[in-house]
Amino acid sequence: MTNAQRRRARVRAPELEGRGWLNTGDRDIKLKDLRGKVVLLDFWTFCCINCLHVLDELRPLEAEFADILVTIGVHSPKFVHEADAEALKAAVERYEVHHPVLDDPELTTWQNYAVKAWPTLVLVDPEGYVVHVAAGEGHVDALRQIISELVEEHAAKGTLHRGDGPYVPLAPADTELRFPAKAIVTPGNTLLVSDSAHHSLVELALDGETVLRRIGTGERGRRDGVEPTFSEPTGLALLPADVAERVGYHVVVADTVNHLLRGLDLDTGEVTTVAGTGEQWRDGATDGPAHEIHLTSPWDVAWHAPAGGVVVALAGNHTLGLFKPAERRLERFAGTTVEGLSDGPLDQAFFAQTSGLAADGDRLWLVDSETSALRYLEHGEVRTAVGKGLFDFGHRDGAAEQALLQHPLGVAVLPDGTVAVADTYNGAVRRYDPATGEVSTLATDIPEPSDVLYVDGELVVVASAAHRLERPVAPGTKVLGEAHRVRRPPTVIAPGDLELSVVFTPPAGTKLDDRYGPSTRLEITSSPPGLLADGAGVGTDLTRALRVAEGFAEGVLHVVAQAASCTDDPAVEHPVCKLTRQDWGVPVRVDAAGPHRLPLMMGGLDDGERSAT
């Protein structure tokens with residue numbers, strides 16, 4: 001967007017309202033306090049993998065414009081647990097958020113800015129006007145361009161003020177483990193734990209407390225060798241002995257923020273990179289030599305004998321990958337990249353930020369955190385045992401069809417064939433019995449359990465927010481708790497004809513790239529499927545005519561959009577290109593008084609916003 005376009009788009013930024021602030025030294029911030037600065041609002045929630053990606057994408061931008069840019073995270077919770085002030089404080093530390101954070105549990109500021117998706121970025125100029133809105137990931141280049149133009153414009157006008165911003169870091173804590181994620185039992189009868197916030201692995205004795213050795217320096221990085229570095233490692237998978245002997249390492253580590261798989265030799269402590277490029281997958285190849293395929297936030301890993309390899313929970317694009325160590329090959333195992341809860345053949349099923357895996361013979365159990373679901377793969381099909389969809393969650397025991405979880409991150413198969421679930425945001429361990437279809441609660445009051453395993457006749461739980469392993473007593477409590485729905489208000493739409501448009505303006509100096517075919521793609525589905533009488537499917541236009549079926553009062557529109565833009569310079573033989581991609585799960589309420597138009601922002605400002613005052 002040019003300076004002239006921004007001047008026409010004079011939209012005064014609404015005030016920042018919420019329950020309180022973090023990373024400000026207990027000081028409340030008003031927009032008037034930030035006059036003279038470029039302000040970047042990042043609407044996020046700490047359960048959302050795309051939001052975590054954006055936190056990392058913004059770090060170099062914040063460093064580059066440190067004296068004129070103030071980033072403010074507006075935390076707008078999806079789950080009930082995320083509205084807890086102490087949970088948010090822990091998340092700010094866990095994910096190393098180094099800018100002020102507004103706690104907005106009632107979604108007041110979210111609604112004032114008409115936000116419809118996590119994450120959404122809003123750029124405010126030094127005079128307090130909204131000049132750019134972008135949903136999703138991959139917008140750093142466009143933001144850099146716009147910020148540079150704003151700096152030039154407001155330096156010339158005398159309205160730019162350089163200097164420190166309002167960020168005041170929280171006091172660091174010192175514990176042996178810091179937000180541990182997953183754990184396994186090694187062949188040497190020890191526990192190997194991914195110490196996520198310390199960017200390392202820790203080997204413990206079976207007591208879960210005695211440290212035997214630490215693998216990793218504690219610095220963020222991706223260095224191999226006997227002094228390796230990681231970036232928020234999570235999942236761990238032990239390879240079969242014959243495979244380990246053949247490939248030269250025993251454990252596959254999901255090095256989540258590096259978008260890599262690492263191999264650990266338990267004998268020497270040496271770490272090697274075994275899959276991934278270090279670049280985040282956005283589009284392109286999913287099958288091929290392991291070192292040539294991009295990954296996206298591998299969260300957990302599990303050896304699955306029927307597949308002949310390590311299944312990888314690729315939380316970043318809602319799919320499962322398959323890594324074959326001996327062949328040094330990666331391939332898509334299941335999923336479509338559409339976020340949702342849909343069963344069926346592996347290549348047609350929808351997943352939602354798969355975060356835990358557990359193999360049991362021909363069956364592979366998994367938990368999808370964003371749909372609060374327990375599911376399994378068997379004989380080429382995906383089935384759901386517990387879970388209702390993207391917006392339903394709670395803590396309720398009983399028959400599986402009415403039981404509820406809240407953002408589970410871990411799963412394990414117990415010796416009696418039942419399945420234990422680390423029900424993270426409920427602070428509980430739950431049990432599902434496949435024979436009876438019943439769900440019960442094994443233990444409660446565990447701070448954000450992220451994994452569970454069975455060791456010497458006892459449950460061992462990774463209590464992530466307590467920074468330790470716990471052995472809870474299993475009382476077999478039955479909880480008949482409340483059902484919850486996402487607090488985010490639904491978007492009201494009219495019945496019948498509906499025009500859905502994805503607004504995308506290529507960054508200045510670029511244009512949509514149609515050299516090799518259409519530069520845009522739009523995929524729309526709905527839950528329930530019958531909500532749309534017409535218009536569902538895949539097309540190349542970012543505007544789509546839909547028809548909402550009769551007889552539906554509410555539902556969810558699943559929208560996936562992408563646009564390819566390249567440098568607009570005919571003198572450049574090989575232009576620099578960028579793919580922008582975003583997916584939305586839009587809860588809708590059908591009302592005769594609702595609009596017949598639904599715009600979704602992927603980047604830029606839409607006509608309605610430009611005319612606002």
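Tutor: Start with the word strand: strands are DSSP runs of E with at least two residues, numbered from the N terminus. This is a predicted model, where local features need pLDDT of at least 70, side-chain atom pairs count only at pLDDT 80 or more, and totals for chains, interfaces and linings use all residues. Residues are numbered from 1 along each chain as its sequence is written, and side-chain values use heavy atoms, with hydrogens and water left out.

Student: Which strand gives the most to the lining of the largest cavity?
Tutor: Strand β44, residues 577-590, with 4 residues.

Student: What makes a space a cavity?
Tutor: On a 1 Å grid over the protein atoms alone, a cavity is a set of points where a 1.4 Å probe fits but cannot get out. Lining residues have an atom within 4 Å of a point. The search of the whole structure finds 6 cavities of 30 Å³ or more.

Student: What is the volume of the largest cavity?
Tutor: About 200 Å³. A volume is the space filled by probe spheres set on the points, and grid points are joined across faces, edges and corners. The largest cavity is lined by 16 residues, with W118, E339, E370, R488 and G585 closest to its centre.

Student: How are the residues of this lining divided by class?
Tutor: Ala, Val, Leu, Ile, Met, Phe, Trp, Tyr, Cys and Pro count as nonpolar, Asp, Glu, Lys and Arg as charged, and the others, Gly among them, as polar. The lining of the largest cavity has 6 nonpolar, 4 polar and 6 charged residues.

Student: What lines the second largest cavity?
Tutor: There are 14 lining residues, and N50, E137, G316, R581 and D583 lie nearest the centre. Its volume is about 160 Å³. Strand β44 gives the largest share of this lining, 5 residues. By class, the lining has 2 nonpolar, 8 polar and 4 charged residues.

Student: Now the sheets. How do you know that β14 and β15 pair?
Tutor: Two strands pair if DSSP finds at least two bridges between them. Strands β14 (residues 260-264) and β15 have 4 bridges, in the antiparallel sense. For R262, the bridge partner in β15 is T273.

Student: Why are β12 and β15 at the edges?
Tutor: The open sheet has 4 strands in the order β12-β13-β14-β15, with antiparallel pairing. Strands β12 (233-238) and β15 (271-275) each have a single partner strand, so one side of each is left without a neighbour in the sheet.

Definitions and conventions:
1 Å grid on protein atoms, 1.4 Å probe; cavity = no way out; pocket = protein on both sides within 12 Å on 5 of 7 lines; lining within 4 Å.
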